[in-house]
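Biologist: Let us go through this model by question and answer. Please give the cut-offs as the terms come up.

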Amino acid sequence: MVFHKPLLISTLKPKGSLAWPMVFMILVIFFMNAPSAQGQGCSDAGFCTMGAMRPDQTYNKEVKFRLRALEVNYYRGESLATPIISAVNADFTFGIGENYAIQAKIPFQWVKGQLGETQGLGDISLSATRSFEKKDYTLGITLGAKVAVGNASKEGSNGDLPMYYQTSLGSYDLVLGGSLINDKWLLATGVQIPIIHRNENDFRWGHWKETEHEEYVFEYNLANQLQRAPDAMLRVERNWRYVNYNFGIGTLAIYRFLKDKRYDFQQDKTIQVAKTSGLSLNLLANAGYQINVRHAIKAVYALKLLAREINPDGLSRHAVLSVSYVYRF
Amino acid sequence: MLTAQPYQKADSLYEAGQYESASRLYEERFKVSAGNNDQYGFIWNLLMAANSHIGSHDYLTASRYADTALDSMAAYASAPSLWVRAYLVKAESELKSGRNDQALEALKNAKVKLENDTSLLAAEVYNDLGVVYWNNNNTTLAKGYHQKALTIRTAQLGNAHELVADSYLNLGLIYIPEDFLQAITYLDKALGLYKSHHGENSEEVALTYTNLASANKYEKNTLEAITYLDRTDQIWNSLYPGSHPNKAFTKIGQAEILLESGKLDEAQAKAETALQMYTEIYGEKHPEIANTYLLIGEIQLTAGKPKLAMASFQRAIYANLQNQLYTNVFELPSLEGYLNADILLSALQYKAKALEALHYDQSLKPKHLTAALLCYELCDELLTKIRQIRKNESDQLRLGAVAHNIYAEGIRIASYLASHSMSATRYRLAAFYFMERSKAAVLHSAINETHAKSFAGIPDSLLLKEENLKDKIAYLEWQMAQSPTGLDSLGSLLFQSRNELQGFLERLERQFPKYYELKYAKPDFDVADLQSSLPSGTALLSYFIDKDETYCAVVTEKKIELYTKDTPDFARLVSGMRNSMKYRIRPAFIKSSQQLYDQLIPDLQEHISQLLIVPHGMMSTVPFEALVSEVSEGQPQYLAHQYAVSYALSAQLTIDNLKAAYRPADHGADKSNGILLMAPVDFKQHNESLSSLPGSREEVKEIRYLFLAEKGPAHMRLQHSASEDFIKCDSLAMYKYLHFATHGVVNESKPALSRIFLNATSPSNDGSLYSGEIYNLKINADLVTLSACETGLGKVEVGEGLVGLSRSLTYAGAHNLIVSLWPVSDAATTGLMVQFYKEHLHHSMNMIFADDLRSAKLEMINSENYSDPYFWAPFVLIGL
């Protein structure tokens, strides 16, 4: 190959800047119209999208992104039974200098299923992250909390709805985590430990007898005064990062160490719920497009590969699509 | 400028600075003279009218009048002095309208017409040539011309004349970047003389204040610079009621200082006032306008407005181009018809910076980075053109520092794009191309020029004349370097000889168009060519050091890879490794060489067995073979254990070398003389206290036996017969191998004083074969071995690489070289050399030497007495 001026002039024609947004939109439309994906969904109680543990994190040592960001995220998940869970998250990150950031995540959630419809503010997440910037990688550690905004007792026509319909989990959790990111890989790990339980869910199968829902209402696990057990997560992502777009694939493993507990109204005592501990494994795909240093759009698709057998917290999803718009300022 | 003649009214108006009225009177006069067939009067008045138009900034009319005068003189026999004056007027009008090239052309013509080169008229021509050469950054030439003008003026007018002050003023300006005190001395002298001749409030005094401000600004004496600029401003305001280029120039100086102080709004206001004045005077196209846009762009870029800055830089580009119009901000111009190449280079460079800032701070669009890369590519093309107008090697080398920055930026962007786009190979190639262009550019163009001569059919007599001139210059340069006290007479002689050579080469260019075409042909670096030329299993590792980062391009037959490593302590590690090897401090050596191994050697494919290193900067002093990959059972594992290693000054020179090795013409050349072995042994005749080298006698004798036994012939010259004049004979080209077992000295501050010690036979052949003399040797050897101390070192020139003996020998025609990086014991050297030739003579038709040197080194590594890298690492092979 001969090197002289025409080489770059003829071959380095800037690509149309609309190409990647279009690809992105096509992906979004594809995922939005893929409810037939028959895997199982995610079971994140909040920490997987918190601080250092969040998916598809920006990594670019050349670009000095602005320190504050507001991410508006639309999330749509299909649950084990009929409910379709939609949520809009307002995720505000406030950078303090190059190495510190605090994050507040406020979700508003809608659930629509055969047992009814609910909506309301979801549990709020607050976290602080410290980053350690190295030449070839970034380390991050996060300390956070999830604050319950309700007690998981939203009611339908026949009394309390199952946890799938609840917009709050009804617990105050402590979150700890960390991540290591380089140009190609993201490794993140963390724990979410419920500290204070205020769950007052009182869904009972008997309330739905002799209704049109009687046939399948048993598919919803009982979660009366649920006490979720702690979770640990491990996220591994392989990313392909280009000048202003990126995509990646990954896995997210969430392990529940202990069994959940619930109040058994027949025995009038709190019991451990069998088959609620163990591994839940998800396959992830993500894509992002940086419109410029201020605006970006992202999409994450998660597909459940492995799930715990019993999910009284209602966090089990077939598949999840999350689409975000990020504004940095 | 013309002196007063009988037309007193016009003259007095002219002297009073009433140029428009003066020009009207002169125009009436030349029309009358034309009607009266008074040829002299016609030309004289025409030239005075032209001078008046220069005074009123109407350079176009002035230039037209000067042309008319020159045409008229061609038709009538005119006095040479009138020709000179006409050319001076022409030059001034072109210079002021920004056409430096046209001004230079006119002044060259004026110089040819000079009858007496020590006259005041000659001094005026030299002075103006100094200005024009300074304008295109031929600083060394400019200094020479101003010195010459000063000498003439002082001799004829004494020390107190205002023309002498003019020379002081110009010399002061030239010295600013290199010697502040010298600059201030000249400027103070000029100021004193101007004040006594013209008073405090004069144009000349204001001009001197401007230069004093520039000098102080350069030295970061901001307060002094501001004071001088304020004084200048006051004088201009009292002298010029309206717009004037001098006024605008002062505003620019003020804006630059305000920019440095962070007062961006005030800086912008000053720069815009200057722009308005310049535009009023010059129109849209002028180097000063380009310069002003450049400054405005810089202010906008500092203020974080890259989009606005980019538009200003684009305006700076087009204000510098005569026949091209600004259309859109992304468009790249064609490099034709530019007024000032250096300003254009800066504007392109800044535009690339603005595009990069726009990308990283705002848009993140790939097109902004690729556009920046294209700007740097155009910078590279322009650099090639600028090198053509840099007449002196030191000015060409100085350009290397500017070029280094451009290539560093280009490599950085290409490297980023290579790792952040799907077209990685394309950008790796771009990065490698910039790396290659940053190396040995001056040497390459010098070799190109030599090839151009051999293909252009230039007669031997002319080539001989050139050779004699070059010999003379080399001799004078050596004398100058030796005795800095006798600068004046030698300097003048050197200046004259360089001028003579320059004139001679320009005549060659005119007489032999093919020579011109080949000499200035754009270098056509072809990576595919390199890949197909590389011997199987060879990887070329080309490096580029930029601040704390080192880039390495690995080129193999089929692939090109690019690596970036953080090398924050590189200089410390290199000197640590060299010193610990030289002084045999093992723990420090192991530590530093392992760290350097990690920083410099990427993971290579398994089939690679030979590395061809193209080093950069101080890396040239590192023997890569001694880098330690690991220490196994207490034994260091050297790179030499893994690979045969050799070096190249640039990849292009490697291609040329590989092609030459297999070129039928070269292959068939008569190299029947075999090996020439030179060993003076004793060095008593040299003033330096050089020890005798008895081992060298044994070394060459043993090598001679080896050759005689294997393939012969071998020509050995010992002691007195190892003379300098023998080396300078034409039959040198008939040796396939040249081996010098002697002392060598590399002078890092003055590379021209680097030399090899031989025997003296005459005053001009004093036994010291200097670097400058080596350039003129006729070598055609496949291998030149300098079995001498530190012959592989030299001065590291930014953007050019190592300037030393190896460079001179490469230019002289050596295909491969073995040189040393530090002094080694006589016995160890003999052992290594003999072993090397033994290895080589086993397969003497194979002209790849790297394996042979590696085998000889491994033999030493495995030996009892010489296993330390101190003994075997200094000898490196430049070639393959």
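Modeller: Buried means under 20% relative accessible area, exposed over 50%, and partly exposed in between, with a 1.4 Å probe and protein chains only. This is a predicted model, in which local features need pLDDT of at least 70, side-chain atom pairs count only at pLDDT 80 or more, and totals for chains, interfaces and linings use all residues. Residues are numbered from 1 along each chain as its sequence is written, chains are lettered from A and ligands numbered from 1 in the order in which they are written, and side-chain values use heavy atoms, with hydrogens and water left out.

Biologist: Is A:Asp313 buried or exposed?

Modeller: The relative accessible area of A:Asp313 is 1%. Buried requires a value under 20%. A:Asp313 is therefore buried.

Biologist: With which residue does A:Asp313 form a salt bridge?

Modeller: A salt bridge is a side-chain nitrogen of Lys or Arg within 4 Å of a carboxyl oxygen of Asp or Glu. For A:Asp313 the closest N and O atoms of the pair are 2.9 Å apart, and the partner is A:Arg256.

Biologist: Where in chain A do the two partners, A:Asp313 and A:Arg256, lie?

Modeller: Helices (H or I, at least four residues) and strands (E, at least two) are DSSP runs, numbered from the N terminus. The pair links distant parts of the chain, 57 residues apart. A:Arg256, also buried at 1% relative accessible area, belongs to strand β12 (residues 245-256) of chain A. A:Asp313 is in the loop between β16 (295-306) and β17 (317-328) of chain A.

Biologist: How many residues apart in sequence are the parts that B:Asp67 and B:Lys90 tie together?

Modeller: B:Asp67 and B:Lys90 form a salt bridge with closest N and O atoms 3.0 Å apart. B:Asp67 lies in helix α4 (residues 59-75) of chain B and B:Lys90 in helix α5 (residues 80-96) of chain B, so the parts tied together are 23 residues apart in sequence.

Biologist: What is the nearest side chain of opposite charge to B:Glu27?

Modeller: Lys and Arg count as positive and Asp and Glu as negative, while His and the chain ends are not counted. B:Glu27, in helix α2 (residues 19-35) of chain B, is buried yet has no salt bridge. At 5.6 Å, the nearest side chain of opposite charge is B:Lys31.

Biologist: Leaving aside neighbours within four places in sequence, which residues is B:Glu27 in contact with?

Modeller: Contact means heavy atoms within 4.5 Å. With those sequence neighbours left out, the partners of B:Glu27 are B:Ala49, B:His53 and B:Tyr65.

Biologist: How many of the 17 residues of α3(B) are buried?

Modeller: The expected span of a helix is 1.5 Å times one less than its number of residues. For helix α3 (residues 39-55) of chain B this gives 24 Å, which agrees with end C-alpha atoms 24 Å apart. The helix is largely enclosed by the rest of the structure, because the buried residues number 15.

Biologist: What phi does B:Asn37 take?

Modeller: Most residues other than glycine have a negative phi. B:Asn37 is found in the loop between α2 and α3 of chain B and counts as exposed at 69% relative accessibility. Although not a glycine, B:Asn37 has a positive phi of about 60 degrees.
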